[in-house]
Amino acid sequence: MTQAEIKLCSLLLQEHFGEIVEKIGVHLIRTGSQPLRVIAHDTGTSLDQVKKALCVLIQHNLVIYQVHKRGVVEYEAQCSRVLRMLRYPRYIYTAKTLYSDTGELIVEELLLNGKMAMSAVVKKVADRLTETMEDGKTMDYAEVSNTFVRLADTHFVQRCPLVPATENSDPGPPPPAPTLVISEKDMYLVPKLSLIGKGKRRRSSDEDATGEPKAKRPKHTTDNKEPIPDDGIYWQANLDRFHQHFRDQGIVSAVANRMDQFTFQTQTSSEIVRTMLRMSEITTSSSAPFTQPLSSNEIFRSLPVGYNISKQVLDQYLTLLADDPLEFVGKSGDSGGGMYVINLHKALGSLATATLESVIQERFGSRCARIFRLVLQKKHLEQKQVEDFAMIPAKEAKDMLYKMLSENFISLQEIPKTPDHAPSRTFYLYTVNILSAARMLLHRCYKSVANLIERRQFETKENKRLLEKSQRVEAIIASMQATGAEEAQLQEIEEMITAPERQQLETLKRNVNKLDACEIQVVETIFLLESYIESTVKRQ
Amino acid sequence: MASRGGGRGRGRGQLTFSMEAVGIGKGDALPPPTLQPSPLFPPLEFHPVPLPSGEEGEYVLALKQELRGAMRQLPYFIRPAVPKRDVERYSDKYQMSGPIDNAIDWNPDWRRLPRELKIRVRKLQKERTTILLPKRPPKTTEDKDETIQKLETLEKKEEEVTSEEDEEKEEEEEKEEEEEEEYDEEEHEEETDYIMSYFDNGEDFGGDSDDNMDEAIY
C-alpha cells in the first residue's frame with residue numbers, strides 16, 4: 001500500500017467512523033495481519049477500545065479475521081475495500097436510477113450498516129419511505145420485499161458468508177472464531193419470508209419500539225423477543241456488480257460519443273452495445289477480457305421494444321462497430337448471422353488512454369497532446385522524428401517532450417549501438433507505456449482526493465463557530481415557526497446573523513460544494529484507471 | 001575500463017553526452033539555478049475545465065453530504081471518551097453522556113464474530129445479581145453513615161470513590177434487559193442525598209420515591 005493510499009484510508013475512516021477506528025484501521029493496513037493483543041499494545045489503546053473498533057470494522061467488511069494454529073485469531077484490513085467508501089454516493093445513485101427510491105434506500109441501508117438481515121432492511125426502508133409520503137399513506141412491506149428480490153436476482157445484493165451449522169457433533173470446545181462459508185449457488189438465494197406489515201411513521205409516542213429510553217427500559221419489548229424468521233442470514237451490497245455496471249455505462253457512453261454524433265437516429269449504436277452488454281451481464285464474469293459471443297439474431301431479438309430497426313440495418317451497424325479502429329466490438333465468427341463480442345479489455349484500455357490524453361491536454365496544452373498521441377500511435381520515436389511528424393518547431397517540441405518526461409507520462413527507451421552504451425552512440429526513443437502512466441496518474445489521483453478532503457475539513461474547521469451559530473439560529477426559527485410566531489419576531493431572530501457573516505457562510509458553502517464536486521469527479525477517474533489496471537494485471 | 005581513468009586526468013570539463021544532442025547550443029543562456037523549493041501554489045498555465053453541473057451532479061453532491069452527516073450519527077461512529085473537565089461539576093454525576101466506554105451501542109451478531117471481541121459486560125451484572133439481595137439490608141445502614149459523612153465532608157472526595165461504582169451500576173442497568181425494579185435503581189444509583197429521578201433539570205418534580213429508604217424515617 002502506498003503512502004498516498006494509506007493517507008486516504010486514514011482520512012476516510014476518520015470522517016466516517018471516528019478517531020479510534022481510524023487509528024486501529026490504519027495500523028492494521030500498515031502492518032498486515034495481527035492478533036488482538038498486539039494491536040492493543042502497538043497502538044497504545046485500551047483493549048476495550050480495540051474490541052469496539054474491530055467490531056465496527058468487521059461489521060462493515062473492512063477487516064477480516066482468520067483463526068491460526070493454537071487458536072490465535074488474526075485480523076487483517078483490506079485497504080482496497082476502505083477506498084471503496086469513496087464511491088458510496090455513486091452506488092446509491094445507480095440503485096436509484098435502476099430501481100427508484102425503494103432500491104436507493106435499500107442499498108443505502110446496506111452500505112451504511114455493512115450487513116443486515118432482509119427483514120430488518122425491509123422494515124427500516126418501509127418506515128423511511130412512509131415518513132416521506134403524505135399523511136395517511138403508508139408503504140407496504142411487500143413492495144419493498146419485491147424490490148429487494150429484484151436486487152438479489154440481478155446480483156446487486158448478495159448474501160454474506162454464513163456460520164456453518166454445527167449440530168452438536170463438535171466434541172471439543174467451540175472454536176475461538178467461526179469460519180464463515182458460502183456456496184456459489186446460495187449467494188443470491190432469497191429466503192422465503194412472509195413479511196406482512198406496513199411502514200410506521202415515527203411519532204413521539206410511547207410505544208415506539210425503536211427509541212428505547214435509556215433510563216427506564218420498558219419491560220415488554222416484543223420486537224426484541226420474537227425470533228426473526230431469517231435469523232443468521234445477512235445481506236451485503238455486491239460492489240463488483242456495481243463496478244460492472246459502471247464499466248458498462250462507460251463503454252456505452254464512449255460508443256455514443258464516438259459514433260452517435262452524426263446519425264439521424266438517436267443513439268442506435270450505443271443502444272446496440274448496451275443490449276449486448278445487458279445480455280452478457282450474468283453470463284460473463286466481470287474480469288473476462290471479452291464477453292461471450294452473441295449472434296446477430298439474438299441481438300435482434302433482444303433489442304428494446306421501442307427500437308424498430310430492420311435486421312439489415314442492425315447488421316450494418318454491427319459491421320461498422322466491428323471495423324472501428326477503437327475495437328470495442330469484434331467479430332468472432334459467421335454463424336447465426338455473425339457472432340460478435342465486446343472487447344472489454346480493449347475498451348477499458350481505450351478509456352484509460354483517453355483519460356491520459358485528456359489530462360495532458362488540460363495540463364500542458366493541445367500541442368503537447370498532439371505529440372503524446374503521436375508517440376502513442378507510432379510506439380517509438382526519436383526526437384528528430386517527433387519534431388518532423390508533429391510539425392512543431394524543434395525547440396518547442398524538445399521543451400514539451402521534456403516536460404512530459406519529467407512528469408512521467410512519457411518514458412525513454414535506450415537502444416545502444418555499441419556494447420559499452422556510450423551515450424553519443426545510443427538511440428534514445430520516446431515511448432508511452434500506458435500501464436505505468438496509468439499507475440502514476442492513479443497515484444496522483446489518490447493524492448488529490450486526500451488533499452481535497454483535507455482542505456474541506458480545514459475550511460469547515462475554520463468556520464466552525466459560525467456554522468454552529470447558524471445551526472442554532474435555524475433551530476430557534478424552526479421551533480418558533482412551529483409554535484406560531486409573528487413575522488417581526490422571525491425577522492429579529494434572522495438578523496442575529498449579520499450580513500458579512502451571511503456572506504461568509506455563503507462563501508463557505510460554495511467552497512465546500514465545489515470541493516465535494518471535485519472529489520466526485522476524481523473518484524470517477526480513479527474508477528476508470530483502477531479497472532484498467534486490474535484488467536491488465538489479470539491478463540498477465 | 002581504461003578510458004575512464006584516463007579521461008579523468010584530461011579534459012575535466014567534458015560531459016558524457018554532447019550538448020547539441022540535448023538541444024543546448026553553444027552560447028545559449030542556461031536557465032537560472034533553482035535556489036529554493038518550488039512555490040506551494042504555482043500559477044496555472046491553463047484554466048481547469050469547469051465541473052459538470054446538472055441534475056445528476058447536484059443530486060449526487062447532496063447525497064454525498066447527507067451520507068457524511070448520517071454516518072456521524074450512527075452508532076458505528078465511536079467517539080473517544082470525553083476528557084474530564086477542569087472543574088468537576090455537580091451536574092456531571094447526573095448527566096449521562098452517551099455510551100460508557102466499555103460497551104457498544106448496537107448489537108452485532110456475536111455468533112459471527114470471534115469470541116474474544118465480546119466485551120464482557122455480563123460478568124459484572126451476574127456478580128451483582130447474586131450479591132444484590134443479601135447486600136441490601138446492610139447497604140441501608142451504610143448509606144445512612146455515608147449521608148452523615150457527606151454533610152460534613154466535601155462532596156468532591158466522594159465523587160471519586162462513588163462515581164466508578166455508579167458507572168458500573170448504571171452500565172449494568174442500561175445494557176442488560178434485566179427486570180429490575182425501580183426501587184433497586186434508585187437504591188443503587190444514588191449514593192447521595194438526592195434521588196436520581198428528581199434531577200431532571202427541574203422539570204419533573206415527581207413523588208415516586210415513596211419506597212426510598214434513604215431518608216430517615218421520622
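**Close-up views of a predicted model**

Over all chains, the structure holds 9 aromatic pairs (rings of Phe, Tyr and Trp, the last by its six-membered ring, with centres within 6.5 Å; planes under 30 degrees apart are stacked, over 60 edge-to-face, the rest tilted). This is a predicted model, in which local features need pLDDT of at least 70, side-chain atom pairs count only at pLDDT 80 or more, and totals for chains, interfaces and linings use all residues. Residues are numbered from 1 along each chain as its sequence is written, chains are lettered from A and ligands numbered from 1 in the order written, and side-chain values use heavy atoms, without hydrogens and water.

**View 1. A:Tyr93 and B:Tyr59 form a tilted aromatic pair.** The ring centres are 5.7 Å apart, with 50° between the planes. A:Tyr93 lies in helix H6 of chain A and B:Tyr59 in helix H3 (residues 55-73) of chain B, so the pair joins two chains (helices are DSSP runs of H or I, at least four residues, and strands runs of E, at least two, numbered from the N terminus). A:Tyr93 is buried at 17% relative accessibility, whereas B:Tyr59 is partly exposed at 29% (buried is under 20% relative accessible area, exposed over 50%, partly exposed in between, with a 1.4 Å probe and protein chains only).

**View 2. A:Phe364 and A:Phe409 form an edge-to-face pair.** Their centres lie 6.2 Å apart and their planes make an angle of 80°. Both residues are buried.

**View 3. Strands E2 (residues 63-67) and E3 (residues 73-77) of chain A pair in the antiparallel sense over 5 bridges** (pairing needs at least two DSSP bridges). A:Tyr65 has A:Tyr75 in E3(A) as its bridge partner.
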